[in-house]
Amino acid sequence: MTLPPDFLLSQSSLQDYVDCPRRFYLRYVRRLTWPAIEAQPPIEHERHLQQGSEFHHLVHQHELGIPAEELTSAVTDLDLRRWWRDYLEKRPPDLPEARYPEVVLSARVSDQRLIAKYDLIAVDVGRRAIILEWKTYRGRSRRTWLAGRLQTRVYRYLLVRGGSHLNEGEPFEAEQVEMIYWLANFPDDPESFPYDAAEYEADETYLTSLIEEIKGLREEDFALTSDDESCRFCRYRSLCRRGDQAGDFKEVEKMWDLDDQVEITLDFEQIAEIEF
Ligand code: SF4
């Protein structure tokens with residue numbers, strides 16, 4: 001299948017492809033909206049999505065320099081207040097001074113554009129770069145699960161491939177990069193993933209082969225997942241004849257990363273501007 005030149009791939013779309021090729025096809029190639037809830041009760045599911053979004057917005061504003069006291073006075077939701085208080089007291093210490101919140105990086109991989117929008121990159125030029133991702137998971141994610149996520153692989157890889165403008169024109173060495181997941185519900189126990197040249201090489205090989213595989217498929221070859229369980233939390237389940245009942249929202253994050261469900265909405269021109 002020929003992907004259009006302006007077709008953007010992200011960790012989110014590639015994760016969808018790995019989880020279910022049909023979901024990738026329906027969501028990103030056909031761009032099919034489908035009127036179904038993803039988890040029930042929908043009001044609880046939506047509330048959690050909203051809380052996650054508000055928490056990211058708060059931290060972004062803080063990183064842009066708005067004083068914490070000013071932001072704190074506007075927080076009324078109890079969960080959000082707790083996350084925000086813990087963020088102020090327990091976020092990773094000793095971060096480099098140069099901060100790039102919500103920065104977007106991109107690079108061409110197998111002739112397609114791969115992009116990532118980071119919550120925060122903190123840089124000590126010539127020495128190290130820390131990727132911070134804020135997660136509002138209800139449950140504690142296993143380290144092995146996080147390590148295997150496309151986000152962990154794509155974010156570290158793209159910072160080495162496409163982050164030289166954050167390092168005075170010099171590409172970061174893989175060993176200078178570290179990724180930290182700060183978990184709002186487990187503020188004393190973040191997960192850290194250093195990087196090295198061998199992992200970078202492995203990621204490049206893997207991502208290239210994954211994208212080649214997608215481009216090699218005919219439209220009818222995007223298979224339905226064999227994991228019926230994940231279909232309970234997928235809006236396309238009636239279309240795929242995989243049931244009509246949404247799963248319990250308390251279990252949805254076992255299947256999908258809710259902090260990662262907001263699609264990147266940059267257009268091609270914006271991405272081109274940050275090409276180097
Ligand atoms: S319902 Fe199941 S098979 Fe269909 S797109 Fe969703 S996850 Fe894939």
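Modeller: Quick housekeeping: residues are numbered from 1 along each chain as its sequence is written. As the model is predicted, local features need pLDDT of at least 70 and side-chain atom pairs count only at pLDDT 80 or more, while totals for chains, interfaces and linings use all residues.

Colleague: How many of the residues of helix α1 are buried?

Modeller: Helices (H or I, at least four residues) and strands (E, at least two) are DSSP runs, numbered from the N terminus. A residue is buried if 20 or more other C-beta atoms, placed from the backbone, lie within 10 Å of its own, exposed if 12 or fewer, and partly exposed in between. Helix α1, residues 11–19, is largely enclosed by the rest of the structure, because its buried count is 7 of the 9.

Colleague: Which residues in α7 do Q11, L14, Q15 and V18 of α1 meet?

Modeller: Contact here means C-beta atoms, placed from the backbone, within 7 Å. The buried residues of α1 pack against several elements, including β1 (8–10) and α7 (150–162). In α7, the partners of those four are L150, Q151, V154 and Y155.

Colleague: Are α1 and α7 parallel, antiparallel, perpendicular or oblique to each other?

Modeller: Axes are lines fitted to C-alpha atoms, for helices over the stretch in contact, and angles run from 0 to 180 degrees between N-to-C directions. The α1 and α7 axes are 9 Å apart, at an angle of about 140°. Under 35 degrees is roughly parallel, over 145 roughly antiparallel, 65 to 115 roughly perpendicular, and the rest oblique. So α1 and α7 are oblique.

Terms used:
Two residues are in contact if their C-beta atoms, placed from the backbone, lie within 7 Å.
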